[in-house]
Amino acid sequence: MPPLTIAKKKSDESGQVIIEFVIVFSMLITTIFLFVQMAWGIAWGHYVHYATFMASRAYLSAGATQADQFASAGTVLRQTVKVHGKDYFPFLAPSRGGGERDATGTEPVKGAMVGTHPEAIGKEHSRLYSWAEGVQYNFNLKLFLLPMSKMIASDGAGKNIMPPGGGKGIPWKGVIPFTSDSFLGREPNVDECLQEMTRLSTSTGINRGDNDNFVEDNGC
Amino acid sequence: MKKVTLFRGIRGQRGQSILEYMLVLCVIMSAVLLVISLMKKSHFFYKNISEPLVRHITYNYKYGDPKAQGWDEGSPKLHIQISRPNEGQTFRLFQPRE
């Protein structure tokens, strides 16, 4: 029996196939998961648009007070984009809350802004701004799962990505900042309706004091 | 019995292929690192991938048009609700003329 030497072991080609398989398979898996993550992110983006639309519908609908309308929108958002008060997919699309939101305002759930857009505050009675009440939801999306993803994401960190026509830029932090807007306006609630009908009643000299009848008559 | 000398060991050809492999690997790795450092220095990835991609996707997702902007960006344009219709035109979605 010939002696088994190290040199003989090295010249053996029996492991070549498995090494090539591992290399190719890892590349294949990376590519597959790149598309899986992209598809997942895009699907989540569409879903968030739907969620903000539903929340702004809830905000639009009449309630007893404006606080009820606000609470309804918050409830819809909590049920659609959060689970037990936390993000559905924090590893994929974490919410962007606080001062990092595009429009700052009341934040019933992290990443959201419910109410009048800051630009329209104080102009609620103008018909040019009356639509600007609704819901905005902000989240970041990681779209890179390439082998060089960290290097690509960190390149240019801290720079501002300017909009096509100038204006406020987007600080580049290695993630894509997504914002879903749905501003549908807001119907007058029962409180506001009563106030307005009472004012009209008084100003026209009718002077009806039975406010409940205004609502039953669908006065608003 | 033959004398085994150090000189004889060096002159042997065993290990030549692995040595050549290591040298070529060093050259290739150096070239790759040089290219990557040049790319990072010139912000190649940021200018060619991140910036155009983010600029397009962000506004396309938010307003349905990569060139549109709203109040959040400071200078609204191509925004169906914010922009006022031209004089003489009264049609606008959701938004009557004041």
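Trainee: What makes a residue pair across the interface of chain B and chain A a polar contact, and how many pairs does the rule find?
Mentor: The rule finds 10 residue pairs, both residues at pLDDT 80 or more; a polar contact is a pair of N or O atoms within 3.5 Å, where within protein one must be able to donate a hydrogen and the other to accept it, and residues adjacent in sequence count only if both atoms are side-chain atoms. This is a predicted model, in which local features need pLDDT of at least 70, side-chain atom pairs count only at pLDDT 80 or more, and totals for chains, interfaces and linings use all residues. Side-chain values use heavy atoms, leaving out hydrogens and water, while residues are numbered from 1 along each chain as its sequence is written and chains are lettered from A in the order in which they are written.

Trainee: Why is the meeting of Lys62(B) and Asp102(A) called a salt bridge?
Mentor: The side chains of Lys62(B) and Asp102(A) meet at 2.7 Å, N to O, and a salt bridge requires a side-chain nitrogen of Lys or Arg within 4 Å of a carboxyl oxygen of Asp or Glu, so the pair qualifies.

Trainee: How do you know which residues of chain B lose the most area to chain A?
Mentor: Buried area is the accessible area (1.4 Å probe) that two parts lose on being put together, summed over both; the two chains bury about 3500 Å², 64% of it on carbon and sulfur atoms. In chain B, Tyr46(B), Tyr61(B) and Trp71(B) lose the most, together 24% of what that side buries.
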